[in-house]
Amino acid sequence: MSTRRTFIQKALSLGAGVFSASKLSPETPGGPILHAGTKNRYTAAHDGAVFSMPVITTDIGDLPLTMDGNTKVFRLVAEVVKQRISPMKKIDVWGYNGSAPGPTIQVDQGDHVRVIFENHLPEPTSMHWHGFEDTMANDGMPGISQPAVKPGGRFVYEFDIHQEGTYFYHSHMAMQEMAGMLGGFIMHPREPYRPHCDKDFLIHLQEYAVLPANTVPNTMNMEFNWLVLNGKAGPANTPLIVKLGERVRIRFVNLGMDHHPMHLHGHTFYTTGTEGGRIPEATWWPGNTVLVGVAQARAIEFVANNPGDWMLHCHLPHHMMNQMASNAGKMTRSTGMVAGGDMKTGMGMLQGMPGAPTGEDYGPTLGRGLGGVGNASDMASTNGPLSEKEAMAAMPGMQHDMGSMQMGDMQGDIARNANDVPNFPQDAYMEGPMMTMDQAVDRPENYGLKPGWSGFMQGMMTFVRVLEPDRYDEVISRMKRAKRANDPYTAILERA
C-alpha cells in the first residue's frame, strides 16, 4: 500500500492530475487526489493521499457491472436462496443474485446508472431505492410509481447519481423485506471524504424467527431467535481485518423489526454519516455505541490505535444469542407451569386436543418463547440437564473435544450446587456457552484467535481485528493464498 501511495504522490507532483473515478475497479482509486487537513481528535492519525476506498461487504461482496457507453449497468435478480447462517443452520430466504442480503452496488456521484431487475420469485415484487432523491417513476412503490413486477417479469430502473453516502435497496412488499430482501447501495462522493479511511466496511443488521427443525423464517413474528450480520450469525460471520494505526469506517444498514445499539470494544469512534449522507465534521459525535434504528444507516469512523481482537456487536442481550428461548432457572427442569410457549402459541395459532384453545395442554405459561427443546407448551417438562453424550448426538459435525470453555464440561464449569441457585442456568442456548466450533468456521481471517473463541460468539457478534504489522501481513497472506472466488476483500488484497 505504501508503494502505491508513493507512486500516486509522485504522479501528482508531476501534474498527472485526476485519476479514473471508478471505485469498482480495485486497481484505480477514484476522484482527485487530495491531502488530509489539520489533524485533530476527529481526523486522521496520519497524513497521506485521500481517495475513496471500495467498500467491503464481508460474506456478501459486490454486484458486478457492465458499461453501455457512459452508463453503468447492473443486473439484479430477486430469487429464493438457501443460505447457511450458521454451521448447523441452513434456512430458506428470499434475496438477490444468490444471497441475502443481496450484493452491494457501488457507484460514483455523477454516474448514470441502469439497473435491470428480474423477478424469479413465485409472487409479484418491486424494488425500492431507499433514500434516493430521484424521479417518481423509479421509486419502486408498486401500484403507485410502477406496476408490481410479476413472476418472470422485468423492470428497468434508471437514475443519475447526484447524492453521496450509504443507501440501500429493498423490496417494497413488507413480508418480503422480512424474508431477507435488501442490499447495500454505496454512492461514493465526487470529492473523496476527508480524512482518508484505509478500510471501509458495510454491515447489514437482520433478524429471523425460525422454528427448530424448520428452514422457513416466520415473517409475521416479532420475536427473533437468529440475529445475523451480513447474513451470518456469530461465529460464522467474517471478522473485519485492520492494521494497527489505520483509520476505519464502518457503515451499518438496518432493515428489520428491531433497533440495534451497535457497540465496539476498545475504541472511541465518531458517528460521521446517516442514510442522508455525510454529517458535517463540526457535528460528529463521539461514543462507543451507536443506535441504528429500523430503516436507518449509520457510519462510524475511528483510528484503530489499540491492538487486539475487539468485539463488535449489538448490545441488546437477546441479540447476542442464537436459537434463544424464554426460560431460565429451575423451571427448566420442573413439570407443571411451563416456562414459555412456542412461537405458534405466541402467534395465537393453537393446536391442542380435543380442540384449541380448550385442550388440557394449554395451561398457563410464563412468557413467550420460540419453540424447541425447553419451551414448547405441549411438553410435560422442559429441558433438563444436557449430558455431553446427548449434546454430541444432537450436534453432529461439531468439535467433540469438550474442553473447559465448552458447555459439556459440567464438572469444570458448573458449580455443584448450581441447580439450587435462583435463575440458573442463564444461557438460553444449551445451558451454558455455545458449543465451540472453531474448525467449522475456520477461515484465514480467524487465524490467531484463541482456541475456543467460537464458544462465546453468538447472534449479532463479530470482531474488529486490529493487528500489529507482522500479524496483519500473515493474515493477509493467508487470505491471498485462499484464492476465493468473488472474495469481498479483493480490493484490499490487490492493494496489500
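I began with G184, which at 0% relative accessibility counts as buried. Buried here is under 20% relative accessible area, exposed is over 50%, and partly exposed lies in between, with a 1.4 Å probe and protein chains only. G184 sits in strand 11. Strands are DSSP runs of E of at least two residues, helices are runs of H or I of at least four, and both are numbered from the N terminus.

This is a predicted model, where local features need pLDDT of at least 70, side-chain atom pairs count only at pLDDT 80 or more, and totals for chains, interfaces and linings use all residues. Residues are numbered from 1 along each chain as its sequence is written, and side-chain values use heavy atoms, with hydrogens and water left out.

**Around G184**

I listed the contacts of G184, a contact being heavy atoms within 4.5 Å. Leaving aside neighbours within four places in sequence, G184 touches P103, T104, I105, Y167, F168, Y169, L202 and H204. I also checked G184 against F252, 68 residues along the chain. Their C-alpha atoms are 9.7 Å apart.

G273 belongs to strand 17, residues 269-274. I read its relative accessibility as 6%, so G273 counts as buried. Not counting residues up to four places away in sequence, G273 is in contact with R278, I279, A297, R298 and A299. From its C-alpha to that of I300, 27 residues apart along the chain, I noted 7.0 Å.

**Nonpolar cores**

Next I looked for cores. A nonpolar core is a set of buried Ala, Val, Leu, Ile, Met, Phe, Trp, Tyr and Cys residues joined through side-chain atoms within 4.5 Å. Which residues have the most contacts inside the largest one? They are I250, F252, V464 and Y489, in a core of 38 residues. Helix 6, residues 469-482, gives the largest share of this core, 4 residues. Another core lies apart from it, with 25 residues, including F74, F117, V149 and F159. In soluble globular proteins, nonpolar side chains tend to be buried together.

**Cavities**

Points are joined across faces, edges and corners, and a volume is the space filled by probe spheres set on them. I counted 8 cavities of 30 Å³ or more.

What lines the largest cavity? I found F51, S52, M53, H188, P189, P192, Y193, H196, C197, D200, R249 and R251. Strand 2 (49-52) and strand 15 (247-254) each supply at least two of the lining residues. By class, the lining has 6 nonpolar, 3 polar and 3 charged residues. In this sorting Ala, Val, Leu, Ile, Met, Phe, Trp, Tyr, Cys and Pro are nonpolar, Asp, Glu, Lys and Arg are charged, and the others, Gly among them, are polar.

**Backbone notes**

I logged a cis peptide bond between R194 and P195, with omega about 0°. P195 is in the loop between strand 11 (182-188) and strand 12 (199-208). A cis bond also joins G234 and P235, with omega about 10°. P235 falls in the loop between strand 13 (226-229) and strand 14 (240-243).

N97 has a positive phi, near 50°, and is not a glycine. N97 is in the loop between strand 5 (89-96) and strand 6 (102-108), and is partly exposed at 32% relative accessible area. For N486 I read phi near 55°, also positive in a residue other than glycine. N486 lies in the loop between helix 6 and helix 7 (490-493). Is N486 buried or exposed? At 74% relative accessibility, N486 is exposed.

**Whole chain and confidence**

I counted 7 helices and 23 strands. Of the 496 residues, 53% are buried. Among contacts with a separation of 6 or more, 73% join residues 24 or more positions apart.

Mean pLDDT, the predictor's confidence in each residue from 0 to 100, is 78, and 69% of residues reach 70 or more. Residues 325-333 have pLDDT below 50, with 39 contacts in the model beyond near neighbours in sequence. Residues 427-433 are also below 50, with 29 such contacts. Where pLDDT is low, the predicted coordinates should not be read in detail.

Notes: 1 Å grid on protein atoms, 1.4 Å probe; cavity = no way out; pocket = protein on both sides within 12 Å on 5 of 7 lines; lining within 4 Å.
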